[in-house]
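Have the sequence and the 3D view ready.

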Amino acid sequence: MQFHHYGYVSGDPRVSRAAAAGINRPLELPDEVDVLIVGSGPAGMLLAAQLSQFPSITTRIIERRPGRLEIGQADGIQARSVETFQAFGFADQIIAEAYRITSMSFWAPDPADPGCIIRTSREVDDAHGISEFPHLIVNQARVLDYFADVAAASPSRMRPDYGLECLDVTVGDPDEMSHPVTVTLRHTAGEHNGEQRRVHAKYVVGCDGARSRVRDAIGRRMTGSQALHAWAVMDVLAVTDFPDIRTKCAIQSEHGSILHIPREGGYLFRMYVDLGQVTENDKGAIRATPVEAAISKANEILHPYTLDVRDVAWYSVYEVGHRLTDKFDDVPQGEARTPRVFIAGDACHTHSAKAGQGMNVSMQDAFNLGWKLAHVLDGRSPESLLSTYSAERQVIAKNLIDFDKEWSTLMAKAPEEFDDPKALGEFYTATAEFPAGFMTEYQASLIVSDTLHQELAVGLPVGKRFKSARVVRVADTTPRQLGHHHRADGRWRIYAFADRPGPGEGSQLTDWATWLGEAPESPLLAFTPEGAGADSVFDVKVVYQQQLEQIELGRVPQIFLPRSGPFELIDYEKVYGTIPGEDIFDVRGIDRSGCVVVVRPDQYVAAVLPLTKTAALTAFFSPIMLPQRAVAVQG
């Protein structure tokens, strides 16, 4: 964390100075806003936290509940989400309070006594070392609290406007109206309960769940099917002799299945209890199954072990369904206009809860959209950038549903339907990258280049998230995960991996650094506003092939030692070297001739280029950034 560059800070450094929309922020929702977010679930709160970093943008988030969520349904936090939490600055805190999944046990009928279950295997949760971040279990409400803290401490001082629900959304002509989206709202609490009002926005984002009013208003429809299989889910405090009660388990028996998930705090746990097939004419009757019946069923499945439930914190029954919306914005198929209304999270895609993907994928929807809205509204990028949101995320949601269908089908199968009792565990291990959140791979587009030079960094695939590795920060000799500096501040990251010569020696890296800092067509000069900080749009870092002792800061090009704040203090956190035994060039397959890796604000690799291809770097950014200075930008 960096602070003091605007003067001495004696209080909490995580609380930014209020600016623009955050100064004297009105308590009442104004009649006009830049962005109105509908719904304060995981997608809505991440989006609010992201946009709160841009105080020049007036963003408000409304929620029909009268206050914060107290008991959340989702609880699984994949490693990719924890990586995202790191970008928002609270990964360490949430890891400390969460339950950490390190393994998963698989139980099946005992061949010698099929009426009893036995453990058949225990699988390591991340056997492939996919991420340095853990797989967590924590109450969804706490995730929302952390994002709320980020937004409240931001320059915008953003807080949800509770007790307001969306009734309707209409889109007018943006050529005639500065705020063309009209949203009809109704108060659901307080002195104005039941009253309606209208708010006008430049953009609206519906994060309002599976029954989204925003989705309905823009004419989008969910399509899909029900699996006609029901599960009871309960968070309970209980006494049991089941030996793996504090380990994640997939339990299959003659009486059905249980997905068992320990919860944070050391005592609470969640059980998804198989209620079996549902008839087509059930008409929702299965959802009235009492918790006592679910507990009785759990005891049948766990035999010979017993479960004595002492307290039920939360209980629900759901039927497995898989539904997807065809587009995630308001632009009809075949039209080329700029989207004005977007949907994210459960408003776009619904699936079973057992793969632990709903909250996680919803947050990635918002992370994808947030920086794009910020760049357009902040005057950094053209409106065409917004069309990439639906194009990218709809495909990802489709992949999620396809995976979840396979996983939930396997979980519902009877033990005798498996050729091998270890098949479920083997599937869990073989597909670990998907539920961990790292299978997302965006295709070539306006903001993802081709893979012409991928061989220069084979371990950092274009279109996939930037996979971190350890380096040593030269100024303070501290080993650091390079990707952990990637904050959710809307900046592009440009990582320069040096060629063989060290600092002060003639090299391609030195020539590249000179071009970036001086050439009129350099993205750094062309797209950084006059008077703004040198790294306010692009965060440029260098990683040398040499180790700490061979790198002298005085010989490093000045572009990697930018000045910050009103006192123009030197930022020393841009220069890195390699660590013996875990050289990042070897770990991530980076060619010793050096290269440039461009990373999007949402942490996905956008381009890999040779140090010599400066024109290609300009050409990449020219269509997606607006010139900020009177310089020639050649693409």
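Q: Which residue in β7 does Y99 stand opposite?

A: Y99 stands opposite I137 in β7. This is a predicted model, where local features need pLDDT of at least 70, side-chain atom pairs count only at pLDDT 80 or more, and totals for chains, interfaces and linings use all residues. Residues are numbered from 1 along each chain as its sequence is written, and side-chain values use heavy atoms, leaving out hydrogens and water.

Q: How do you know that β4 and β7 pair?

A: Two strands pair if DSSP finds at least two bridges between them. Strand β7 (residues 135-137) and β4 have three bridges, in the antiparallel sense, so they pair. A strand here is a DSSP run of E with at least two residues, a helix is a run of H or I with at least four, and both are numbered from the N terminus.

Q: Why are β3 and β4 called edge strands?

A: In the open sheet with the order β3-β7-β4, β3 (76-77) and β4 (99-101) each pair on one side only.

Q: What share of the 635 residues is buried?

A: Buried means under 20% relative accessible area, exposed over 50%, and partly exposed in between, with a 1.4 Å probe and protein chains only. By that test, 56% of the residues are buried.
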